[in-house]
Each structure stands twice: as C-alpha cells, then as structure tokens.
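Here is a colleague's note to read alongside the model. Please keep the sequence and the structure open while going through the numbered points.

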Amino acid sequence: MKKRYLIIWFALAVAMAGCRKYVEIDQLSIRTLKYTSDFRYTLNNNSVLEGTFSYPILSGDDTEINDATRQNSLGDILSNVYIWAAKYTSESQSDGDWEKQYKTIYTCNEVLEGVLTSQDGTEAEKQKLYAEALVHRAYAYLILVNMYGKQYNAATASADLGVPLLTTPNLYTKLNRASVADVYALILKDLRSSVSRLPALPDYNVRPAKVSAYAIFAKTYLNMRDFNNASLYADSALALQNGLLDLKTYESAASTIPVRLSNPEVIFSKIANVAYTAIPVSNDLLTSMGANDLRYKLFTDVRSRFGTQLSTAFTGRASCKYLINEFVINNGPTVPEMMLIKAECLARAGRTTDAVALVNSLRIKRFTTASYVPVTASSAADALRLVVEEKRKEFFGTGLRWFDQKRLNLDADFALTKTRNFKSADYTLQPNSNRYLYPIGDKYILLNPELEQNPR
C-alpha cells in the first residue's frame, strides 16, 4: 500500500511539474510584483515580449535550401521543420516557438492579475499597462493558434483543436486544447478591451498602442475571412500610422535604413526567435522579383556579401535583411502589411482599380524612378493574385509567408502542392494537409497527457 501511494504521489508531482514545464519558470525566483512601476518594468522586458516565432521562416515557400552543405548544417529540429515532418522534436527536446509564446502569455497574465490593484501608480497608468498586456497576449495567441491549430474555418472552428487557453498565471493548470473558435474569441475580446485604454501611438513601437491593436485586429479578421472587418481595421491602423521607407534613398547606403525603433513602417515591433544565418530565397520568388526590385538589391545577396558572418557555404541568393543594421528579423505588424491587407480586401470586394492603386503606392517606393513600372490587373482575380505576390516579395525571410500559404489553401486558385528535395529525398506538402499544423512537442504531451497531438 505504501508503495502504491508513492507511485501516485510521484505521478502527481510529474503532472504538476509538467504543467510548469510549458513555460520553464520557477516561481520561487520571481519577486512579488507590488508597485505599478514593477509592472512597467515587467512589460519592458523585450527579451520575453518582443519575440515571436522562427520555424515558419523555414516552412514557407519563400525559402529554398538546395545546397547540400547548407542542408547538412540545419540540425535535426530545423531539418524536420523544413521537410514538414510528422514530428519536429524528440521527447527530451523543447519547442522554442511554443515556449516563447507561452512565456509571453504567462508574463501578461501576471500583469493582468495584479496591475489594477498595484500601489503608487495613477489609474491611467494602471489601465494602460493592463491594456498593453492584453495586446501582447492577443498577439501571442494569434501566433500559436495559426501555428498549432487548424486554419480558421467558420464551419468547423468550434470543433477544431486550437491551443491551451491560459488566462491566469497559475502554472499548475491542465493544458487541454481549446477550440480554434474559442482562441479567436479570446483574441478579439482582449483587443476590444484594450483599445479604449491605450494612446493612439506608442512612445516606442515595442509597446502596444491603439495602432497596434487595430493592426492585430486586421490580421485576426483576415485569418477569419471576415474581409469587411479586416479592411476597416487596416484603415484604422493606417489612419494613425502610414509612413513608408523609400528604398531609393538607401540604394547605395543600406546600412542607414532606420533601426526598428525608428522605422516608420514598424507598427508593433516583434522579432523572430532566431536570426537564421542567410536563409536562401526560392528561385521562383527571385525570378518574380527581378533584379531591378530594390528589395532584391538590398535584402538578398550572394555569399560574398556576408563575409565572415556566414561560415556555411551556399549557392544562389539568400535573405540578408537581418544583416542590414540590427541582426534581427522583424516580423511584427507593419504599414506595408496593413496596406496589403487592405488591398486584398478591396480585390475580394471586386474593387480592382482601388486594390491595384494601393499595391502600386507601395511598389513605387521599392524601385528606382527609372526602373518603376506600375502593375495592372484586368479583373478582381488578377488584382488578388498581384496582392498575394506582392506580400511574398515584401515579407520574404520573415516567416509571414507560411501563414499566408496556410490561409490561402481555402482559396482554390492558391491551393498549391509544394515539393522539396532534401538530402536526396522528395517531400510533398498538399493543400490543407495536416502538416500545416505544427506538431506539439512530445515533451509537453508526456508531461501533460490531456494535451492532444495534432493528426499527422
């Protein structure tokens, strides 16, 4: 009998520890948050709150690693990501993207639970911090549900598995997966609750403001295929912030492109968890861009450009965006993204001329005067294709293309079969395949048996 109790106690201990493992946080080392300034400092922790994801950078079809040496340098986890494997990690390995977002959520939940009753702060300060935490949490869940859950489909979202919804800083909680519909409902609720408490623009773009909440609203509704609301919120974001970099200005001095905190295009600064060293850009994308596109000239190059910053050889051209001035990959909401969301919504509404005009208002900033040729479309379908292609050119190497691939599978014209050759074997990704759902790490499922794995 004593042995049986010990086994039960050990099982409970492992289960409780497992519920902690999703964030890898030791509560004993956390100082009690008491003053409003404590919560300000907590939300200033960009090392936790600014990070987003890294795996989608390898999954998307804007990346193409054909060089054998480069393929061999990826390592086991990243190789699995690149070939859309059934599993990415072993039972002992962590999923960096999963843990990064749940650390963000845990931090936000700490703030949401305590900031409104904190000491020595004004009510306005407390409300603002509360709202900032809501926006960070909403964005983290938007990333998670689009990586690990099925693409939002109104007909099935209430039954499709999303991700665990954690709304308190209780580490000892079960990790049952909420439905996709419930995750999106929380995202929208958090954003709605935040807007009235926030200033129109932030002091620094790492901090949420109305403009960033509107931008995340636009991204959320776009994923929900609610194109009317996506359009309205893209408009709201652009009404507050619409600055664009004119790449002509930087053609001969790429190093002077403003860092993200000073970049007028960055609405809400979020960066990839890993700054991959020179991710080769797919040949079809490079061909589509053409050598006159300043994004091609400034943000891709051959190995000689990278010099000592790249130890692994590769052929072709690779993304060098992260080398320009900060060694980070910015993939948070931007002015160009809001413009292209708006353009997509216009095209889907049949407003061909307006959609193309908006695309051209971005493109004119991406070419020299001598090289610029405006694009045209003969139909709304042509305009939509132009928008999709422009997004791929504008955001290659950031991971955003992966989310568009997954989302656009619901459109017959964009549901394409993808094939990769990796280490002499071919791998195929079919439209709407379960491989668009990232596998949940076995490590977390072993420690939390209620956490269901995605179908493979």
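1. How many residues does helix α11 have, and how far does helix α11 reach from its first C-alpha to its last? Helix α11, residues 227-240, has 14 residues and reaches 20 Å, close to the 20 Å expected at 1.5 Å a residue, where the expected span is 1.5 Å times one less than the number of residues. Helices (H or I, at least four residues) and strands (E, at least two) are DSSP runs, numbered from the N terminus.

2. This is a predicted model, in which local features need pLDDT of at least 70 and side-chain atom pairs count only at pLDDT 80 or more, while totals for chains, interfaces and linings use all residues. Residues are numbered from 1 along each chain as its sequence is written, and side-chain values use heavy atoms, with hydrogens and water left out.

3. The buried residues of α11 are Phe227, Ala230, Ser231, Ala234, Ala237 and Leu238, buried meaning under 20% relative accessible area, exposed over 50%, and partly exposed in between (1.4 Å probe, protein chains only). These residues lie on the same side of α11 because they cover an arc of only 125° around the axis, the arc being that of the directions from the helix axis to the C-beta atoms. The face turned away from this buried side carries the exposed residues Asn228 and Ala239. What covers the buried residues of α11 includes α10 (210-223) and α15 (335-348), where contact means heavy atoms within 4.5 Å.

4. A search of the whole structure finds 29 salt bridges, each being a side-chain nitrogen of Lys or Arg within 4 Å of a carboxyl oxygen of Asp or Glu. One of them joins Glu50 to Arg260, with the closest N and O atoms 2.7 Å apart. Glu50 lies in the loop between α3 (46-49) and α4 (55-59), and Arg260 in the loop between α11 and β3 (279-280), so the pair ties together parts that are 210 residues apart in sequence. Both Glu50 and Arg260 are buried.

5. Glu344 and Arg407 also meet through their side chains in a salt bridge (2.7 Å, N to O). Because Glu344 lies in helix α15 and Arg407 in helix α18 (residues 400-408), the pair ties together parts that are 63 residues apart in sequence. Glu344 counts as buried at 0% relative accessibility, and Arg407 is buried with a relative accessible area of 2%. Salt bridges that share partners join Arg225, Glu344, Arg348, Lys391, Asp404, Arg407 and Asp411 into one network.
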